[in-house]
Amino acid sequence: MPHQQIAEIYRKNEENLLKDLKNPQGLQEKQVHQLRVHIKNMRVLLHLLEALSKKKFSARPILRLLNPVFNRAGKFRTASLNLKLTQMYRSAVLLRFKDHLRVEMEKQKQKMKSELEDFKIKKFKRLQKESLDAFKNIKSSRIKKQGSEYLRVLLAEVRVDLFDISDDETLHEIRHKLKEIKTVGAFLNECGIEHPFKKELDRIAVTYDRIGNWHDTAILIDDLEDFVEQLDDDSALEKTMPLIMVLKKKNLHNKKLIEKKLKVDLVM
């Protein structure tokens, strides 16, 4: 039955997340990435539960516990990703930037260990039991009907946003919504629930990855600009500005392509 299957999906994700939360020692990049994925899945499932329960269930208490860990893991990931994206560059300024990133990774790693050591596991388990019971109490017929309706609402929100991608933040928000759409669609498919949005989900999969690459570069540009500004060195700025301008030009071009593709896939 769909309600049993989605409850089982939730339970398995909870188990995986608990393993990550209980292991603050020896944090590696792969583990941090896994932790973020499990929290993202948990967020999507909780938001879906809110919709299925007509807002009788609130995800806020659990997310209030998870958000500090997620945000700290995000800062670690950003520094790690920036390090990878600048791997090919060997200028003196970029070498200093990469040294800065390694220090930042270690700093965020230590802070994340503290977050995990202080995490309220017992409270989390209690809240998780309540949410798992809530999933079990949702009727299968409601999951079938409201699951599709939830996807419809999310897709409608993306379509509205597409008419005014005037800033980077809007496209970033679209990326969040597409992630939720993809994940909800995958959960419904796993439960054997058919919905009328398979074609849309298939089309946005590649574009979602492109938005991710665009966003990663946008973050790198911002962080590199901040670093050079803090150096307060005109020579460093002069040497680094050509690279920054190339990255900005490339990202602006990619943004226009993404916007066009999304409109073709979801609007036209």
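I started with Phe 124, which counts as buried because its relative accessibility is 0%. My cut-offs are under 20% relative accessible area for buried, over 50% for exposed and partly exposed in between, with a 1.4 Å probe and protein chains only.

A note on the source: this is a predicted model, where local features need pLDDT of at least 70 and side-chain atom pairs count only at pLDDT 80 or more, while totals for chains, interfaces and linings use all residues. Residues are numbered from 1 along each chain as its sequence is written, and side-chain values use heavy atoms, with hydrogens and water left out.

**Entry: helix H5.** I looked up H5, residues 121–137. Helices here are DSSP runs of H or I with at least four residues, numbered from the N terminus. The 17 residues of H5 reach 24 Å from first C-alpha to last, close to the expected 24 Å; that expected span is 1.5 Å times one less than the number of residues. Buried in H5 I found Ile 121, Phe 124, Leu 127, Gln 128, Ser 131, Leu 132, Ala 134 and Phe 135. They cover an arc of only 155° around the axis, which puts them on the same side of H5; the arc is that of the directions from the helix axis to the C-beta atoms. On the face turned away from the buried side, I noted the exposed residues Lys 122, Lys 129 and Asn 137.

**Entry: rings.** How many aromatic pairs does the structure hold? I found three. Rings of Phe, Tyr and Trp (its six-membered ring) pair if their centres lie within 6.5 Å; planes under 30 degrees apart are stacked, over 60 edge-to-face, and the rest tilted. Phe 97 and Phe 227 make a tilted pair, 5.3 Å centre to centre with 55° between the planes. This pair links helix H4 (residues 92–117) to helix H8 (residues 198–231), its members being 130 residues apart. The pair of Phe 119 and Phe 124 is edge-to-face, because the planes stand at 65°, with centres 5.6 Å apart. Phe 119 counts as buried, at 9% relative accessibility.

**Entry: core.** I then checked the largest nonpolar core, which has 80 residues. Such a core is a set of buried Ala, Val, Leu, Ile, Met, Phe, Trp, Tyr and Cys residues joined through side-chain atoms within 4.5 Å. Phe 124 turned up again here, among the residues with the most contacts inside the core, as did Leu 262. Leaving aside neighbours within four places in sequence, Leu 262 is in contact (heavy atoms within 4.5 Å) with residues including Leu 162, Leu 178 and Ile 211.

Conventions
Helix = DSSP H or I, 4+ residues; strand = E, 2+ residues; numbered from the N terminus.
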